[in-house]
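Biologist: I am new to this structure. Please show me how to read its features.
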Amino acid sequence: MRDETKCLHSGYTPKNAEPRVLPIVQSTTYYYDSAEDIGKVFDDPSVSLIYSRFENPTVMAVEEKIAALEGGLAAMCASSGQMASMLAILNLCNAGDSFISTSAIYGGTVNLFAHSLRKLGIECIFVDGDADEDEILAAFKPNTKAVFGETLANPALTVLDIEKMAKIAHSKNVPLIVDNTFPTPILCKPFQYGVDIIIHSTSKYMDGHALQVGGVIVDSGNFDWTKGDFPGLTQPDVTYHGITYTDTYGKLAYILKARMQLMRDFGAYPSAHAGFLLNLGLETLALRMERYCQSGLRVAEYFQASNKIESVRYPGLPGDKYYSLAQKYFKGASGVVTVNVKGGREAAMRFMDNLKIASNQVHVADIRTCVQHPASSTHRQLTDEQLTAAGVSPGTVRFSVGLEHIDDILEDIEQALR
Ligand SMILES: *Cc1c(COP(=O)(O)O)cnc(C)c1O
């Protein structure tokens, strides 16, 4: 199946006389005929359902759909993109370990990596994703367990050189994890370029309608954990009768450990209803991404031609610093455009306040056009140095093109700039 078809048909196939639409299985628990049957499930929790703190049929159908779209082996949803990032790292790193991340990433992820994970004893080493191989290799420590980056960074719109990063990570026997939120699997297939684990904030284009926050981890199944130093995966787990994930589950080791150990213990699993809504968004994802890319380019071109705009960042724009990487890795550059308005912070905020159709909101990749000022909101906690590293300046406005008629969007921009 192609992506458009997977969006509609992967994950749930009704049998004779069953509901045509993915049902909402609203139940915390699952019935068994005997205590012995339940005992068997505890012996191998991958065979049947136990409890909705970490598995639910509605959510699992969505996981299968997302795994199919990414071309991965399996996926696990989480209650937010933040939780997906955190679990992706905690599944590999213990206190005393480190991992590498590019610095041009989402502001919330910077907080999580630089501060909250540090309190748990896990160090994030930030590197410039554009640096050459030797410089990034020099950042590794003996305890480094993963490399992390965003395929298309929010809000910097830098494009990760995925193959370069995969080569670096693999030369050190650690996996490359990417956040593929902005391109979605419709525009970018990171596994084809050597990525091992993908995470998403499904709150953005995947849900698409700004209905509910969510996240997902997708496992390619390709990384050989026995080649690196990952005792959590290659040595017995006392909390599961001494199961060794790599021995028992092979290619599914990483994603099953994430579910059966971390999700079981932390319980940040989406509700069935959240899964149902996410599925509804995914059904139109391929169609929507096409239009976001078309309109995104038109808006970027409009800004580029305007004398009220200092600079435009849109990797789909010829001449953009990341144009060639975007051509290589992406089918389109999404609907997110960042601009620096002439006149800095004050002019940027006035421009935003004067928009009539595009709304001010702490969100991006919504079906409705929206704008946001990173320096005073999502990135407010960052120091100037971190701001620059994240590709943000005081006059930066993140413009997220929605599905309104393109002429209405452009006319709104025109009157607001005036
Ligand atoms: C929004 C976002 C996140 C965080 O996701 P939530 O669902 O808001 O927790 C992570 N990465 C990127 C690229 C994002 O845009």
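Predicted model: local features only at pLDDT ≥ 70, side-chain atom pairs only at ≥ 80, totals over all residues.
Biologist: How many bridges join strand β9 to strand β12?

Modeller: Strands of a sheet pair through backbone hydrogen bonds, either parallel or antiparallel. Here 5 bridges join β9 (residues 336–341) to β12 (residues 396–400), and the two run antiparallel. Two strands pair if DSSP finds at least two bridges between them. Helices (H or I, at least four residues) and strands (E, at least two) are DSSP runs, numbered from the N terminus.

Residues are numbered from 1 along each chain as its sequence is written, and side-chain values use heavy atoms, with hydrogens and water left out.

Biologist: What is the order of the strands in the open sheet?

Modeller: The 5 strands run β8-β9-β12-β11-β10, with mixed pairing. The edge strands, β8 (309–313) and β10 (359–360), each pair on one side only.

Biologist: Which residues have the most contacts inside the largest nonpolar core?

Modeller: In soluble globular proteins, nonpolar side chains tend to be buried together. A nonpolar core is a set of buried Ala, Val, Leu, Ile, Met, Phe, Trp, Tyr and Cys residues joined through side-chain atoms within 4.5 Å. Buried means under 20% relative accessible area, exposed over 50%, partly exposed in between (1.4 Å probe, protein chains only). The largest core has 109 residues; F99, F113, L117, L176, I177, I217 and W225 have the most contacts inside it. Helix α11 (residues 253–266) gives the largest share, 8 residues. A second, separate core of 26 residues includes V397 and F399.
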